[in-house]
Amino acid sequence: MAATPDAVVLLDGAGTPAGSESGCIHGVTWFVRQLGSALLSSLMGSDDSDPAGCLAASIAAVRSLHADTCDLSHPGSPSATVVALRERKSIIQYAVLADSVLLLSLSDGLRVVTDAREVQVGKQFRTEMDATPNGTPDHDKALRNYIEKLRAHRNRPGGFGVASAEPDAAAEALTGTVPCHQLRAAALLSDGASRLVDRFGLVTWDDALRTLATAGPSELLRQVRAAENGDLEGSRWPRGKVHDDATAAYCVDCALSALTHHESALADCVKHQPRSTSEVSAKTDNTSLP
Ligand SMILES: [Zn+2]
């Protein structure tokens, strides 16, 4: 996650399970850093291009960095979900690619923006993974099989869009605009954070926004980890990983141009509670078990 006074991006890289090939010598962490930096830079600099256009240009730029050294046609090449939000001329523009979640608290209600296609495509491959307890060799093997089957559907007709090596994938992003005066707050959540709502069903989106507003991203992630720790074998909530990388960013008093303060969380560096009405607060928890 990274932010400037008028833009914020959240990327969630798709890990390569142990024993799987990726075709890339750099790895998903490198990919996410390169793409996130390029995207934030593009969002800041480009008045002509909307966030999806900025994303396409950024994917192309990162592709050029390793097209000569890596097999970018490999189905396991690094990929990431993307949420991008920007303020331009009192309009909030956004793009959401894959299964991270953007929550927009608007004067006329809540807008939830996320692409459910990956989850829907993945359902057909989950049976074995969900039937084996987390933390067992059988589960690890089933998770690897699940990921390898699922990734064959990335950026394919009938599959799901994700940021990888193909700039055209940006056209699959869900996009929209909101006048600044209608936006009360925005939240960006990786699927490791949104699972409290969309997988565990323990709270609603409105509840999650309230938690972010009153106690900040750290509290939301604490609730996620508490729920996970109460179900370490995945018997109540079958899932690939006991703990997934979890990031939550909360933006208030958008127009984002009014932001006077932000904190970007790069693993464990932020313990932050909102103090003013003009800030982005964020928390990342990279505690992830196989
Ligand atoms: Zn590479």
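**Entry 1: the S5/S6 hairpin**

I started at S5 and S6, which form a hairpin with two residues between them. I take helices (H or I, at least four residues) and strands (E, at least two) as DSSP runs, numbered from the N terminus. Two strands pair, in my notes, if DSSP finds at least two bridges between them. This is a predicted model, so I read local features only at pLDDT of at least 70 and side-chain atom pairs only at pLDDT 80 or more, while totals for chains, interfaces and linings use all residues. My residue numbers run from 1 along each chain as its sequence is written.

S5 covers residues 101-106 and S6 covers residues 109-113, and I find five bridges between them in the antiparallel sense. I looked up two of the partners: Leu104 bridges to Arg111 in S6, and Leu103 stands opposite Val112 in S6.

Leu103 also stands opposite Ala187 in S8. I noted that S5 and S8 run antiparallel and are joined by six bridges.

Is S5 buried or exposed? Five of its six residues are buried, so I put S5 down as largely enclosed by the rest of the structure. Buried here means 20 or more other C-beta atoms within 10 Å of the residue's own, exposed means 12 or fewer, and partly exposed is in between, with C-beta atoms placed from the backbone.

**Entry 2: the chain as a whole**

I count eight helices and 11 strands in the chain. It has 290 residues, and 45% of them count as buried. I then took contacts, that is, residue pairs whose C-beta atoms, placed from the backbone, lie within 7 Å. Among contacts between residues at least 6 apart in sequence, 71% join residues at least 24 apart.

**Entry 3: the open sheet**

Which strands form the open sheet, and in what order? I get five, in the order S1-S2-S3-S4-S7, with antiparallel pairing. S1 (2-4) and S7 (174-179) stand at the edges with a single partner strand each, so one side of each has no neighbour in the sheet. Neighbouring strands are turned by 10 degrees against each other on average, direction ignored. For angles I use axes that are lines fitted to C-alpha atoms, for helices over the stretch in contact, with values from 0 to 180 degrees between N-to-C directions.

At the S1 end I checked the pairing with S2 (residues 7-13), which is antiparallel over three bridges. Ala2 has Val9 in S2 as its bridge partner.

What lies across S3 (80-88), S4 (91-97) and S7? I find helix H2 (residues 51-66) there, running at about 45 degrees to S4.

**Entry 4: the loop between S3 and S4**

I stopped at Lys89 in the loop between S3 and S4. Lys89 has a positive phi of about 55 degrees although it is not a glycine. I count Lys89 as exposed because it has 8 C-beta neighbours inside 10 Å.

Ser90 lies in the loop between S3 and S4 too. I read its phi as near 65 degrees, again positive in a residue other than glycine. Ser90 has 10 C-beta neighbours inside 10 Å, so I call it exposed.

**Entry 5: helices H6, H7 and H8**

I marked H6 (residues 191-198) as mostly covered, with seven of its eight residues buried. Among them are Asp191, Arg195 and Leu196. The cover over the buried residues of H6 includes S2, S5, S8 (183-189), H7, H8 and S9 (246-252).

Then I turned to H7 (residues 205-215) and H8 (residues 217-229), which pack at an angle of about 130 degrees with their axes 7 Å apart. That makes H7 oblique to H8; I call under 35 degrees roughly parallel, over 145 roughly antiparallel, 65 to 115 roughly perpendicular and the rest oblique. Ala208, Thr211, Leu212 and Ala215 of H7 make the contact with Pro217, Glu219 and Leu220 of H8. By class I get five nonpolar, one polar and one charged residues. Nonpolar is Ala, Val, Leu, Ile, Met, Phe, Trp, Tyr, Cys and Pro, charged is Asp, Glu, Lys and Arg, and polar is the others, Gly among them.

**Entry 6: confidence**

Last, I looked at pLDDT, the predictor's confidence in each residue from 0 to 100. The chain has a mean of 88, and 90% of its residues reach 70 or more. Among the elements, H2 has the highest mean pLDDT (98) and S10 (residues 261-262) the lowest (32). I flagged residues 255-278, where the pLDDT is below 50; this stretch has 60 contacts in the model beyond near neighbours in sequence.

Methods
Two residues are in contact if their C-beta atoms, placed from the backbone, lie within 7 Å.
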